[in-house]
Amino acid sequence: MSGVIKSEPFVINIGPQHPSTHGVFRIKATVDGEKVIDAEMVMGYLHRSMEKLAEERTYTQNIPFTDRTDYLSSMSNNLGYCLAVEKLAGIEVPPRGNAIRVIMAELQRLASHCMAVGAFANDTGAWQTPVMWAFREREKILDIFEVTSGARLTCNYMRIGGVAFDLRPEFEPMVRRVLRDFPPFIDEMEGLLSGNEIFIARTKGVGVLTPEMATNASLSGPMLRGSGIAWDIRKADPYCGYEQYDFDIPIGYNGDSYDRFIVRLEEMRQSVRIIQQALDGLPGGPFRTEVPLALRPPKGEAYARIESPRGELGYYLVSDEGPSPYRFHIRPPSFINLSALKEMTVGGTVADAIVVLGSIDIVVGEIDR
Amino acid sequence: MTRELTGSEAAALAEALVPGSVDRTTETACYLKPDRLVETLRALRDDPEANLVHLTNLCGVDYWDHFEVVYHIQSFEKNHLACFKVEAWDREKPEVPSVTPVFHGAWMQECEAYDLFGIQFAGHPNLYRILLWEGYPGWPLRKDFLAMPGGLQPGLGEFAGVARRQEPPVKVIE
């Protein structure tokens with residue numbers, strides 16, 4: 001017997017029906033023993049051709065579509081689309097509308113990061129307990145959305161020129177309660193996971209991205225910040241009055257899965273700060289500018305972007321003075337964050353590939369649109 | 001606040017690095033000549049003054065007689081955003097050079113533009129239909145692709161190679 005074990009490359013499919021792919025997404029991994037030597041992505045199972053459908057409908061009718069792209073952060077998607085239409089048509093939003101938008105977008109970030117952090121812990125093997133804790137907190141935010149917009153997941157709350165309804169009297173006490181409960185929850189989550197030996201062993205040094213690679217691969221959001229680039233659209237290109245609020249951009253140093261997790265946790269703390277300030281200084285007045293339902297923006301094009309929980313969410317609209325957009329393009333952060341998946345997974349083990357995918361925090365509805 | 005460069009500002013940056021690369025400019029965008037595209041974007045990425053390092057958005061647009069590919073490129077240090085475009089006039093086989101050698105992040109977005117518009121990206125390492133399946137008839141985001149009302153009928157019967165589903169006869173109960 002020689003000491004060398006002969007092995008041949010072997011293809012395994014991770015997904016499409018697999019809990020760690022967070023939806024219907026497939027990685028065709030070629031493995032040599034336990035080591036991944038090639039990874040190919042297969043997507044499109046959820047393709048609904050939203051960009052084509054949107055060309056047939058009016059600007060207002062397209063808002064519900066955006067809910068269904070990234071279904072874990074529908075408020076952010078609504079906001080990005082409405083900002084693009086407002087930029088195209090030159091519509092001003094009243095201060096109260098902007099403040100409500102900021103509160104909603106940040107609450108959505110908290111809810112979405114709860115899901116991201118909980119599911120990531122699930123992927124690393126901390127089965128179910130962290131995700132249940134995270135869902136317990138996320139539930140309170142969804143209740144706020146239900147009180148305000150009538151829906152929990154696909155809120156359809158933003159409108160061109162403002163928001164759909166004014167806040168109800170229950171809103172403020174509910175948000176205050178969430179703000180009170182959230183910082184202890186984040187500490188609890190951090191205490192549970194970030195010092196855990198198994199968690200550290202599974203995530204430190206896994207899926208390392210250098211800052212150069214992250215930039216060149218067009219990554220955004222926590223992926224980019226985890227690699228040490230302090231780039232946040234809310235600071236760099238403020239929208240909805242984000243320049244009035246005092247908050248910090250957390251960044252990581254090593255660019256591994258652990259740093260991306262820590263960046264998300266820290267972002268939740270910053271979101272709590274932003275909501276606190278926005279709620280304290282919530283201005284009165286109208287919450288929406290009146291805009292014709294069949295809006296016909298002038299001829300031209302506009303690219304507007306926001307910092308969604310997953311990264312830079314952009315909408316590129318082209319208008320030909322018609323009632324519906326001539327071209328409606330979404331720049332989906334989850335889709336483009338996958339550009340570097342192969343670089344991150346090749347060389348690691350199959351179990352590492354699951355951790356890397358969890359650390360990207362994909363939403364398949366947004367990848368496939 | 002990110003400064004969005006006007007077409008002429010972007011053109012000035014491009015002309016200074018690669019003379020003769022600019023085709024024309026509009027208020028918001030700078031049209032580059034397709035054969036100089038890769039060279040120009042690489043020069044703009046490496047130049048510290050332009051510093052256009054992050055290919056934020058890439059998408060195709062169909063204008064009936066020609067296709068445009070739009071590139072939004074962001075600078076982190078200078079905090080400006082430039083919009084470049086190239087045109088492809090051949091409707092049967094539109095082709096523009098791939099910028100994947102310059103920006104790794106372009107590869108998936110170019111696959112998407114190929115998938116939905118049929119724009120060929122010359123020099124792309126692995127151009128395939130990323131969202132739809134190989135053999136899908138037509139390019140859905142083109143303006144002449146039939147939209148659902150009146151055009152393409154739902155169901156698999158419309159696709160080549162698949163037999164039209166037989167509707168069962170309706171029984172009338174008297």
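Okay, ground rules, quickly. Residues count from 1 along each chain as its sequence is written, while chains are lettered from A and ligands numbered from 1 in the order in which they are written. Since we're looking at a predicted model, local features need pLDDT of at least 70 and side-chain atom pairs count only at pLDDT 80 or more, but totals for chains, interfaces and linings use all residues.

Let's start with chain A. There are 15 helices and 10 strands in chain A; those are DSSP runs numbered from the N terminus, H or I with at least four residues for helices, E with at least two for strands. Along the principal axes, the C-alpha atoms of chain A fill a box of roughly 80 × 45 × 35 Å. The radius of gyration of chain A is 21 Å, which agrees with the value near 21 Å for a compact globule of 369 residues. That radius is over C-alpha atoms, and the globule rule is 2.2 Å times the number of residues to the power 0.38.

How much of chain A is buried? Of its 369 residues, 53%. Buried here says 20 or more other C-beta atoms within 10 Å of the residue's own, exposed says 12 or fewer, partly exposed is in between, and the C-beta atoms are placed from the backbone.

Now one helix pair. In chain A, α3 (residues 74-89) and α4 (residues 95-123) pack at about 140°, with their axes 8 Å apart. The axes are lines fitted to C-alpha atoms, for helices over the stretch in contact, and angles run from 0 to 180 degrees between N-to-C directions. So α3(A) and α4(A) come out as oblique: under 35 degrees is roughly parallel, over 145 roughly antiparallel, 65 to 115 roughly perpendicular, and the rest oblique. From α3(A), the contact uses A:Met75, A:Ser76 and A:Leu79, and from α4(A) it uses A:Arg101, A:Met104, A:Ala105 and A:Gln108. Contact, by the way, is C-beta atoms, placed from the backbone, within 7 Å.

Which of them is buried, and which is partly exposed? A:Cys240 is buried, with 23 other C-beta atoms within 10 Å, whereas A:Ser49 is partly exposed with 15. A:Ser49 sits in the loop between β5 (35-42) and α1 of chain A; A:Cys240 is in the loop between α10 (233-236) and α11 (257-280) of chain A.

On to where the chains touch. Chain A puts in 30 residues and chain B 26. On the chain A side, β9(A) gives the largest share, 4 residues.

Over in chain B, look at helix α2 (residues 37-46). Its buried residues are B:Leu37, B:Thr40, B:Leu41, B:Leu44 and B:Arg45. They cover an arc of only 135° around the axis, so they are on the same side of α2(B); the arc is that of the directions from the helix axis to the C-beta atoms. Their packing partners in chain B are α1 (7-17), β3 (30-32), β6 (80-88) and β7 (95-97).

Last stop, B:Val53, in the loop between α2 and β4 (54-62) of chain B. What does B:Val53 contact, leaving aside neighbours within four places in sequence? The answer is A:Thr215, B:Arg45, B:Ser75 and B:Phe76. B:Val53 counts as buried, with 20 C-beta neighbours inside 10 Å.

Technical notes
Contact = placed C-beta atoms within 7 Å.
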